[in-house]
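Dear colleague,

I am passing a structure on to you, and my notes on it follow directly below. Please read them with the coordinates open.

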Amino acid sequence: MRMTVTLKLLLMIVLTSVAFAQGSPPAAPAQLAFIVEHMERAQAEVNIPNHVIRDYRLSHANSANVDSEVIADIDFRAPGKYTVAKHSGSSMGAQLVKRVLDREVGITVSSQKSHSAAVTRENYSFSYLGEAVLDGQSYYLLRLDPKRKQPELISGQAWVNKQSFLIRRIQGTIKSPSMWVKKINARFDFDFDRPRKMWVLSDMEAVADVRFLGARKLTSHVMNYEAASVVAKSGTVVPVAAALISK
């Protein structure tokens, strides 16, 4: 009997060692630290496109009618620039997209600003919420709580890929620094182009509750992108929504 127990214990030790060697996450409470550490490492090792073409649409939050559509050509290489390739509908859409891109490009080309907005332990407190299914695939679900008040930091949740440890979605709210906007809800979706090791902000939806005007919704979708030449900074994905609430 003693020999059987000893063999079982030895087998458990061997299996646990193999799991660690293969990079499998240990059981809670160490699981959160394991996920966050690998998430930060994954973000530092991938690239973002240096040239992106996006389609932006502005509408009332509960309406299918689009008030304005803008197609923008964005170059994230320093010093950073963008052009509005096409615009239709109200001028408000073009003005809003320009504000969004001014902030996004400015943060992307600045390593200091990107660092302060990145989804890391320096800027956020994380909580492990378990696992969640998104588009038929299981992800780690983390709670995000900003460590300071900053427009680029979002309070909400992040879906982390179990294999790549890259964020698939961020969803939550941003505190408004403007008296004209009561609150803003945002969702960011990302794709990982494995052959080129690129992490791409594929879709975004941000709804701002504007005083006296009601809720306005801005969505964007990537239409095309080119190979990357800069190291990815996770902070570059959040300012898109933050620009909606800037003064």
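A residue is called buried here if its relative accessible area is under 20%. This is a predicted model, and in it strand β7, residues 155-161, is mostly covered, with five of its seven residues buried.

Strand β7 has a partner in β6 (residues 137-146), to which it is joined by six bridges in an antiparallel arrangement, and one of the pairings is that of Tyr139 with Asn161 in β7. Six bridges also join β7 to β8 (residues 167-174), again antiparallel, with Gln171 in β8 as the bridge partner of Gln157. The strands β7 and β8 form a hairpin with five residues between them, and in that turn Phe165 has a positive phi of about 65 degrees.

Helix α2 covers residues 30-45 and reaches 23 Å from its first C-alpha to its last, close to the 22 Å expected. Its buried residues, among them Phe34, Ile35 and Met39, pack against β5 (124-134), β6, β7, β8 and β10 (198-210).

As for the rings, the structure holds five aromatic pairs. In one that is tilted, Tyr124 and Phe126 lie 6.2 Å apart centre to centre, with 40 degrees between the planes; Tyr124 counts as buried because its relative accessibility is 1%, and Phe126 is buried at 12%. Finally, Lys162 lies over the face of Tyr140, at 5.7 Å from the ring centre, while Arg169 lies over the face of Trp159, at 5.9 Å.

With best regards

Terms used: Residues are numbered from 1 along each chain as its sequence is written. This is a predicted model: local features need pLDDT of at least 70, side-chain atom pairs count only at pLDDT 80 or more; totals for chains, interfaces and linings use all residues. Side-chain values use heavy atoms; hydrogens and water are left out. Buried means under 20% relative accessible area, exposed over 50%, partly exposed in between (1.4 Å probe, protein chains only). Helices (H or I, at least four residues) and strands (E, at least two) are DSSP runs, numbered from the N terminus. Two strands pair if DSSP finds at least two bridges between them. The expected span of a helix is 1.5 Å times one less than its number of residues. Contact means heavy atoms within 4.5 Å. Rings of Phe, Tyr and Trp (its six-membered ring) pair if their centres lie within 6.5 Å; planes under 30 degrees apart count as stacked, over 60 as edge-to-face and the rest as tilted. A charge sits over a ring if NZ of Lys or CZ of Arg is within 6 Å of the ring centre and within 35 degrees of the ring normal.
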